[in-house]
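Visitor: Hi! Could you walk me through this model? I'd like to start with the helices and then move on to the charged pairs.

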Amino acid sequence: MYKQTPKRTLASGSDRNGIKKPNLTASAVTNSSFSGELNWYTEAPCEEISIEEFETFALDRLQVLKALEAATIRNKTPEEMCEIFQRVSRDHLPLAKISSNLDNEPILRKDLLSHFILRLAFCRSDELRRWFIKYESLLFK
């Protein structure tokens with residue numbers, strides 16, 4: 001009555017739906033996530049962080065984005081925007097230190113993790129997503 005289907009074998013590193021599982025080894029995360037100076041945020045990090053780091057990283061990046069929003073609302077000139085960004089990022093998200101510092105991993109790690117933490121937090125609605133994208137894109141300017 002029921003037609004029996006042939007059994008499928010799973011590819012190495014795949015789950016039942018054929019989706020590749022991420023490599024969660026520490027060396028794989030370190031080598032792939034923090035290898036370049038400019039991060040395009042194409043891969044989400046696969047590592048564990050403490051709740052304190054989670055909260056600190058999210059609040060620090062949010063402070064930078066809120067400062068950019070306030071400067072935009074006040075119609076600041078590009079020079080003033082740059083000055084405000086440098087002042088706020090020096091305290092919360094020191095991206096300017098990447099080129100001058102030889103040990104970039106903690107800075108790049110904070111940048112990557114804080115981006116994806118806020119990306120997760122701001123995915124609840126289209127309005128929040130638009131806000132996040134608008135001010136994250138200002139970080140690249």
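Guide: Happy to. A definition to begin with: the expected span of a helix is 1.5 Å times one less than its number of residues. Helices (H or I, at least four residues) and strands (E, at least two) are DSSP runs, numbered from the N terminus. The model is a predicted one, where local features need pLDDT of at least 70 and side-chain atom pairs count only at pLDDT 80 or more, while totals for chains, interfaces and linings use all residues. Residues are numbered from 1 along each chain as its sequence is written, and side-chain values use heavy atoms, with hydrogens and water left out.

Visitor: Great. How many helices and strands are there in the chain?

Guide: The chain has five helices and zero strands. Read from the N terminus, the order is α-α-α-α-α.

Visitor: What span does helix 4 reach from its first C-alpha to its last?

Guide: Helix 4 reaches 24 Å with its 17 residues, close to the 24 Å expected at 1.5 Å a residue.

Visitor: And why is helix 4 largely enclosed by the rest of the structure?

Guide: Because twelve of its 17 residues are buried. Buried means under 20% relative accessible area, exposed over 50%, and partly exposed in between (1.4 Å probe, protein chains only). Among the buried residues of helix 4 are Ile107, Arg109, Asp111, His115 and Leu118.

Visitor: What share of the chain's residues count as buried?

Guide: That is 31% of the 141 residues.

Visitor: Which residue does Arg109 meet in a salt bridge?

Guide: Arg109 pairs with Glu47, at 3.1 Å from N to O. This pair links distant parts of the chain, 62 residues apart: Glu47 sits in the loop between helix 1 (26-33) and helix 2 (51-73), and Arg109 in helix 4 (residues 105-121).

Visitor: Are those two buried or exposed?

Guide: Glu47 is partly exposed at a relative accessible area of 29%, whereas Arg109 is buried at 16%.

Visitor: What about Asp111, which residue does that one meet?

Guide: Asp111 and Arg61 form a salt bridge at 2.8 Å, N to O. Arg61 is buried at 0% relative accessibility, and Asp111 is buried at 5%.

Arg61 also has a salt bridge with Glu136, where the closest N and O atoms are 2.6 Å apart. Glu136 lies in helix 5 (residues 126-139), 75 residues from Arg61. Glu136 is buried too, like Arg61.

Visitor: Switching to the nonpolar side: which residues touch the most other members of the largest core?

Guide: Leu65, Leu118, Trp131 and Phe132 do, in a core of 19 residues. A nonpolar core is a set of buried Ala, Val, Leu, Ile, Met, Phe, Trp, Tyr and Cys residues joined through side-chain atoms within 4.5 Å. Helix 2 gives the largest share of this core, seven residues.

Visitor: And what does Trp131 touch?

Guide: Leaving out residues up to four places away in sequence, Trp131 touches Leu62, Leu65, Lys66, Glu69 and Phe122, where contact means heavy atoms within 4.5 Å.

Technical notes: Salt bridge = Lys/Arg side-chain N within 4 Å of Asp/Glu carboxyl O.
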